Amino acid sequence: MTAPLLAGAAEPATDRTVIGGNLSLPLFRTLSGVLAGHPYLKVVVDRAEDTWHLLDTAAHPFHVDYIATRVLGMDLTALDADLDAFNASVYMDPGRRFLLGVLSLHTDEDPDGRERTFLVLETTEADTMHGELLQFFYEYVRVRVDGRLPLLLKPANHGQEEALTAVSELRVPRILSHELFGTRARTPLNPGEATGRLRFFRTQEEYAAAEATLGWADIVAMPCLPDDVPRVAGFLNTAPITPLSHTNVLASGWGIPNAIVRDLEQLVERDGLDGAWVTYRVTDDAISLERLDAEPALRAPAWHQQRIRLEPPLLEDTPVLALHRLRGADRDRYGTKAANLGELHHVLDSRTADLTAFYGRPRPPREDLYGHLAVRLGLSGPSEGELRSAAAEFVAGSVRAPDGVALPFALQQRFLTSSPALQQGIGKLKMALELDATDVLDSLCLQLQHLIRQTPVPESVTRQIGQAFPADPRGRLVVRSSSNAEDLPGFSAAGVYDSVTTVHGTGELLDAVRQVWASLLSPRSVRLRHQVGISLDDTYMGVIIQEYLPASLGGVLVTCNPTRREDFRNVYLNCSPGSPEQVVDGSVLPQQYLYNTVEGGGRTVALGSWGDGLPAATRARLADLSLTGRLLQSHFSGGEDTGGDVDKPLDIEWLMTEQGDFRLVQIRPYAL
């Protein structure tokens, strides 16, 4: 059977695939490709023929294509017509004939500091091999690989991790994904290319001293960039951060490269890069810094000419409303965050929205992913109506929307017009913006912010707020911003406006509302809006007031894989014990997970500031949360604001209460 595959007339001259025999390091390098900086080789074990196939990576990019056409004699048309069933037979059938995996080559240091080279064997993320099959796969490969090379098995998902708990590590040595990649020297975060001047800062103090000199052509490099970094050409971090950090959300929204390069300080010192002009490139799999011989002739970036127009805000007398009474269209009166939470209430309460549209998109060669969604929801052959109904019930049973009230733009407007001093200060700021007098912007903004915090709130405004809450709220409140100048195409404003999470009593409530209003006029927010042509006249701030809910777990979920844009299967979830604010503000390094919302399963990317991962039961709950986020994407990304593009991902802030239920406290577009 195997001879024609090795030397047949139809065999491409460039195909060096090997069947049978042992694998040496030279042969590995001959056949391998490179992924994420590591050489790798695809492996197929044929249990029926008791042999294995070492695929030439250049000739065979997909396991299943090779098996179908070169082993089973199928043509690609027949394979594509029944691809999902074929995949199930090789990835999910407990008695499968073929075992598919990847061998990758890695180098690290042993405890004595000596370089160590080793191989890692893993399957695809959707593979459901049970423990005995994983052990068989490992042992089959182990005896055919150069014995001088250590071989470790890397579980591809949480299911495989749990299956291996019954198998001795002496029989199957293993390494987890976060252990293998958690100490990577270089990690791409946001792809892009920039030519600019590298500005390297070893400490926050060095950065603060030079912040005023940063310009659009600078590439800022430091251990961890501050959330209020100005708009520049690129970011470089020398310490670990999550792809969902505020600065990476900004990098994504601004379309600039961002990466972690832990050995950057050595590179800077070796090549004299601080202050040098460089071309900086980040792709899904590689990071490069190329020093230029001279300062290039650079054009101002496109965003210098970018002009974003807002929908005209509605400022007529509008009541304070409970969040559940709002809909998405109310963003022009209450702001985007409040309107999205109101829309979430509607989706959960009415259960009439179509939450399946993402799965209805063609994913060639598949016409759609409805069959995969049916499996995820535990259905067999449902009608379109049954699938929609099941999706709506699943989401409504998995999460809740937060209770609270929304203050309209009209209250901020009445507050601002109640004070001649505020009106005079706003007039001066508008004049400075019209004259592009950037040298006085910061001082004018800071004066206005101070004045807003000190100006009494008119009695009529105080009364409206008081009617929504008791005269002296006993519990802790959270006061969040909800502007019309955020979550826009080309302008995310992540982390730009204030929220106050430790509010007690009426007096603190009014102070917190004024602080949120004042954040609309911070020097940074004014500069960022001015750069893209958002007029101060059109910019208003709504406010969300909620009762504080103690959380056992909280974090952020984005319905995409931010480090691999073409991946339509996975969503990325960050979490930490307690409040989600710890994840959002970067005060801790969160646990990071990827969940597959097509075939199912999840895997741990990093454990962050904690030594242990979450229990299996909690990870299973997070898988349900991830699927919920994907289903909500169909509704929130399917409207006119996104051009009806259900592939546009969401950024969801969530918490798990001490009672164990999930609350979604914010939904907004995730900029890609």
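**Overall form and selected local features of the predicted chain**

Apart from neighbours within four places in sequence, Tyr334 is in contact (heavy atoms within 4.5 Å) with Thr318, Pro319, Leu321, Leu326, Ala406, Leu407, Pro408, Phe409, Ser482 and Gly542. Tyr334 belongs to helix α12, residues 331–334; helices (H or I, at least four residues) and strands (E, at least two) are DSSP runs, numbered from the N terminus. With a relative accessibility of 0%, Tyr334 is classed as buried, where buried means under 20% relative accessible area, exposed over 50%, and partly exposed in between, for a 1.4 Å probe and protein chains only. Between Tyr334 and Leu315, which are 19 residues apart in sequence, the C-alpha to C-alpha distance is 9.8 Å.

The structure is a predicted model, in which local features need pLDDT of at least 70 and side-chain atom pairs count only at pLDDT 80 or more, while totals for chains, interfaces and linings use all residues. Residues are numbered from 1 along each chain as its sequence is written, and side-chain values use heavy atoms, with hydrogens and water left out. The average pLDDT (the predictor's confidence in each residue, from 0 to 100) is 89 for the chain, and 94% of the residues score at least 70. Residues 1–13 have a pLDDT below 50, and this stretch has 18 contacts in the model beyond near neighbours in sequence.

In terms of secondary structure, the chain contains 24 helices and 26 strands. Its radius of gyration is 28 Å, close to the 26 Å that the globule rule gives for 672 residues, so the chain is as compact as a globular protein of that length. The radius is taken over C-alpha atoms, and the globule rule is 2.2 Å times the number of residues to the power 0.38. The C-alpha trace spans about 90 × 65 × 45 Å along the principal axes of the chain.

Of the 672 residues, 53% are buried. Among contacts with a separation of 6 or more, 63% are between residues 24 or more positions apart. The chain carries 62 positive and 87 negative charges, whose mean positions are 1 Å apart. Lys and Arg count as positive and Asp and Glu as negative, whereas His and the chain ends are not counted; each charge is placed at NZ of Lys, CZ of Arg, CG of Asp or CD of Glu.

Several buried sites can be described in turn. Helix α3 (residues 63–71) is largely enclosed by the rest of the structure, because seven of its nine residues are buried. These are His63, Val64, Tyr66, Ile67, Ala68, Arg70 and Val71. Just after α3, Gly73 adopts a positive phi of about 75°.

Leu151 lies in strand β7, residues 151–153, and is buried at 2% relative accessibility. Not counting residues up to four places away in sequence, Leu151 touches Leu103, Leu119, Val120, Leu121, Tyr138, Val141, Arg142 and Pro173. Leu509, in helix α21 (residues 505–519), is likewise buried, with a relative accessible area of 4%. Under the same exclusion of residues up to four places away, Leu509 touches Ile465, Leu477, Val479, Val503 and Ile545. Asp651 is located in strand β25, residues 650–657, and is buried with a relative accessible area of 5%. Beyond neighbours within four places in sequence, the contacts of Asp651 are Val556, Leu557, Val558, Gln666, Ile667, Arg668, Pro669 and Tyr670.

Backbone geometry was also examined. Most residues other than glycine have a negative phi, and most peptide bonds are trans. Arg351, in the loop between α13 (336–350) and α14, has a positive phi near 55° although this residue is not a glycine; Arg351 is partly exposed, with a relative accessible area of 39%. Asp436, also not a glycine, has a positive phi of about 55°. Asp436 occupies the loop between α18 (420–434) and α19 (441–454) and is partly exposed at 47% relative accessibility. The peptide bond from Pro364 to Pro365 is cis, with omega near 5°, and Pro365 lies in the loop between α14 (357–360) and α15 (370–376).
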